[in-house]
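The sequence and structure come before the details.

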Amino acid sequence: MPDSAARPGLRDMLLAWKDRRLGTIFVLGMASGFPWVLIGSAMSAWLQELGVSRTAIGFIGGVAVAYALNFLWAPLLDRFRPWLFGRLGLRRGWILLTQCLLALLTFSVSLIHPAEQLQLIGAVLLGIAIASATQDIAIDAYRVELIPREDQARISYGAAMATSGWWTGYGLLGALPFWLVDDLDGGWTTVYQGLSLVWLGFIAFILLLAPMPQARIERADDAGEPLVQRLFHVVVLPLKDFFVRNGLALALSLLAFVLLFKVGEAFLGRMSIVFYREVGFTNEEIGTYSKLLNWWVTVVFAILGSLVNARFGILRGLVVGGIAMASTNLMFAWMAAVGPETWLFALTVIVDGFTAALGTVAFMAFITLLTSHSFSATQYALLASIGNLGRTTLSSSSGWVVDKLGGNWELFFVLTAMAVLPSLLLLVWLAPRLRARYPDAFGIRRPQSPPS
């Protein structure tokens, strides 16, 4: 169905937001974003205060490579019920198990002095990243299965709620440490003890309120199958399905686009807290602007971005989002030149939240539509992992790049702005081929009535 197909009206789009499943996706998005506070912004600020170098901070952040590799164990989450929590179902059981691990690991951080035990803190942060990346596999599969593929408008709304939830977990919850740390006797140690308690709220939600997805039939662990046959089911079939559906050339091009799309944004994100501190902003200002302000801006524009995608198409949303993300990095170059001006900080954060929301919502909806419900955990994890590969492996060297540039933040941000251009050129080539192969998926469909 081409983009000129019938577009949903405003009333239809607003009615779709009454769906209670969107609220569930929002809360799970919070649980997905919160670990990035633990391994990212809070830890970067703590290490910077302790005098750890930019290069070391960047490479410590490289533990996030777990998000790029989680597709390696994603097939296990498609096939095997989790230990202890199998009665909750395949998806909810895995989510609960990983959240229990995350609570324990978060508290463990408070028992370590990062500057004196850098290797140990790196190992614990790696454990948080692996548990969080596993949680993401289960949450993404849960979201894919919660909304039928044919309800494409609501898929965009689900992506918006996942994005809004992620930024609530990362932005709103992530602002609390920066507001409180200067007034707490134990400083960052006490902060991490408090952050470990946040997981109890997420665990209660999974136990009491999260519904069972209806898009799949839960199956047993097939313990009677030969090992080779079980490996074939969990590893080979999902990959074969993706390449057969798309053909080799299109499949490889899709994987290349997913890899490149958010590289520039990733370089920015890894060094943002260090940048803010070096420019001259206080912990309280960082918490207020980069976390709280960025949070509500992203939530608002994630919802608006989903409406744009529902009305004008996901492919157009990707183009607009990609151009906007590249432009945002130039705002940070401006801030590097001007210095610690709070009005410019606020303006940059607003523009960044707007562009990140547009790009992320379109990107999540895009890979959701490419995912088969028969292998939802494995295929979504593969696509999301490839997207994270550029964000984590390349961005872990961002501190080293800044050091090699002699601390020239202006030049650094100009270079990151240019990083999005290859993916946009590739998208121009992909668009007509995707419309031809998936006329229903990349057209516009009128949303279904909300479930009773």
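## Terms and basis

The expected span of a helix is 1.5 Å times one less than its number of residues. Helices (H or I, at least four residues) and strands (E, at least two) are DSSP runs, numbered from the N terminus.

This is a predicted model, in which local features need pLDDT of at least 70 and side-chain atom pairs count only at pLDDT 80 or more, while totals for chains, interfaces and linings use all residues. Residues are numbered from 1 along each chain as its sequence is written, and side-chain values use heavy atoms, with hydrogens and water left out.

## Overall composition

The protein has 20 helices and zero strands. Of its 452 residues, 58% count as buried, where buried means under 20% relative accessible area, exposed over 50%, and partly exposed in between (1.4 Å probe, protein chains only).

Contact means heavy atoms within 4.5 Å. Among the contacts in the protein with a separation of 6 or more, 85% are between residues 24 or more positions apart.

Helix α8 has 29 residues. From its first C-alpha to its last it reaches 41 Å, close to the 42 Å expected at 1.5 Å a residue. Of these 29 residues, 22 are buried, so α8 is largely enclosed by the rest of the structure.

Helix α7, residues 90-109, has 20 residues and spans 29 Å between its first and last C-alpha, close to the expected 28 Å. It is likewise largely enclosed by the rest of the structure, because 14 of the 20 residues of α7 are buried.

Two packed helices are described by the angle between their axes and the distance between the axes. Here axes are lines fitted to C-alpha atoms, for helices over the stretch in contact, and angles run from 0 to 180 degrees between N-to-C directions. Angles under 35 degrees count as roughly parallel, over 145 as roughly antiparallel, 65 to 115 as roughly perpendicular and the rest as oblique. A crossing is left-handed if the near helix is turned anticlockwise from the far one by less than a right angle, and right-handed if clockwise. For residue classes, Ala, Val, Leu, Ile, Met, Phe, Trp, Tyr, Cys and Pro count as nonpolar, Asp, Glu, Lys and Arg as charged, and the others, Gly among them, as polar.

The axes of α7 and α8 are 9 Å apart, and the two helices pack at an angle of about 160 degrees. They are therefore roughly antiparallel to each other. The crossing of α7 past α8 is left-handed. The contact of α7 with α8 has 15 nonpolar, eight polar and three charged residues.

Helix α2 (residues 20-33) and helix α8 (residues 118-146) have axes that come within 10 Å and cross at roughly 165 degrees. α2 and α8 are therefore roughly antiparallel to each other, and α2 passes α8 in a left-handed crossing. On the α2 side the contact involves Arg21, Thr24, Ile25, Leu28, Ala31 and Ser32; they meet Ser132, Gln135, Asp136, Ile139, Tyr142, Arg143 and Leu146 in α8. This contact has six nonpolar, four polar and three charged residues.

The axes of α3 and α8 come within 8 Å, crossing at roughly 155 degrees. This pair is therefore roughly antiparallel as well. Pro35, Leu38, Ile39, Met43 and Leu47 in α3 meet Leu118, Ile121, Leu125, Ile128, Ala129, Ser132 and Gln135 in α8. By class, the residues of the contact of α3 with α8 divide into 10 nonpolar, two polar and no charged.

## Single residues

Thr134 is in helix α8 and is buried, with a relative accessible area of 9%. Not counting residues up to four places away in sequence, Thr134 touches Trp73, Leu77, Trp94 and Thr98. Thr163 lies in helix α9 (residues 152-180) and is buried at 1%. With neighbours within four places left aside, Thr163 is in contact with Thr298, Ala302, Thr360, Val361 and Met364.

Glu49 belongs to helix α3 (residues 35-49) and is partly exposed, at 35%. Its C-alpha is separated by 9.2 Å from that of Arg277, 228 residues apart along the chain. Leaving aside neighbours within four places in sequence, Glu49 is in contact with Trp188, Arg277 and Asn283.
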